[in-house]
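Let's take a look at how this protein chain is put together. Have the sequence and the 3D view ready, and follow along piece by piece.

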Amino acid sequence: DMNLLVVEDDLVLGKAIHLGLCEAGHQCHWVRSGESGREEAVSHRFDAIVLDLMLPDLPGMEVIRKIREAGVRSPVLMLTALGTVEDRVAGLKAGADDYLVKPFAFPELLARLEAISRRSNDRPGTSLQVGALSLDLTTRRVVRDGTEILLTPTEFTLLEYLMRYAGQ
């Protein structure tokens, strides 16, 4: 069973997803705002996160960006009513692992969650952390104390090498 976070502001849909995941044997924590989703994702370890894109306070894209900056590597399944290719691409680039367009069939949600959770458990670490400095190999972003540092490709490669062999 998986420990899941659901960030969905719609009462009916949120309740249905929560109930369905619990009935499927998973532990499920449901919050209704982007800010509480961000707080939960950063302070607890989840096997996967179901994140609605359209949230009243903090948009889903911002939630993904902020939790990835904070080093959260839990896979994220984006729920979107926006079915355009641009929206999906933007979400995937922001750090989501998969997406599902509303309305969707619950068995598909479950299957996609199991798939992204499986993939993230099989995959080697995609980020390096040395002190306050973190380097994401997937997005090629470097962050120190919450501030992004822009590097040239050569500087990035050099920093990656130095961080891999830190202390040697």
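## A helix with a buried face

To judge a helix's length, use its expected span: 1.5 Å times one less than its number of residues. Keep in mind that what you see is a predicted model. Helix H6 covers residues 153–164, 12 residues in total. From its first C-alpha to its last it reaches 16 Å, close to the 16 Å expected.

Which residues of H6 are buried? They are Phe156, Leu159, Glu160 and Met163. Looking down the axis of H6, you'd find these buried residues within an arc of 105°, so they line one face of the helix.

As for what covers the buried residues of H6, it includes strands S6 (127–130), S7 (133–136) and S8 (141–144).

## A five-stranded sheet

Now for the open sheet: its five strands run in the order S2-S1-S3-S4-S5, with parallel pairing. S2 (27–31) and S5 (98–101) are at the edges with a single partner strand each, so one side of each has no neighbour in the sheet. From one strand to the next, the twist averages 20°.

Zoom in on S3 (residues 48–52) and S4 (residues 76–80), which pair in the parallel sense over four bridges. Here Val50 stands opposite Leu77 in S4.

## Helices across the sheet

Helix H2 (residues 34–43) lies across S1 (3–7), S2 and S3, and runs at about 160° to S1. Helix H4 (residues 85–94) lies across S4 and S5, at about 150° to S5.

Conventions
Residues numbered from 1 in each chain as written. Predicted model: local features only at pLDDT ≥ 70, side-chain atom pairs only at ≥ 80, totals over all residues. Heavy atoms only, no water. Pairing = 2+ DSSP bridges. Helix = DSSP H or I, 4+ residues; strand = E, 2+ residues; numbered from the N terminus. Axes fitted to C-alpha atoms, helices over the stretch in contact; angles between N-to-C directions. Contact = heavy atoms within 4.5 Å. Buried < 20%, exposed > 50% of the residue type's maximum accessible area, 1.4 Å probe, protein only. Arc of directions from axis to C-beta.
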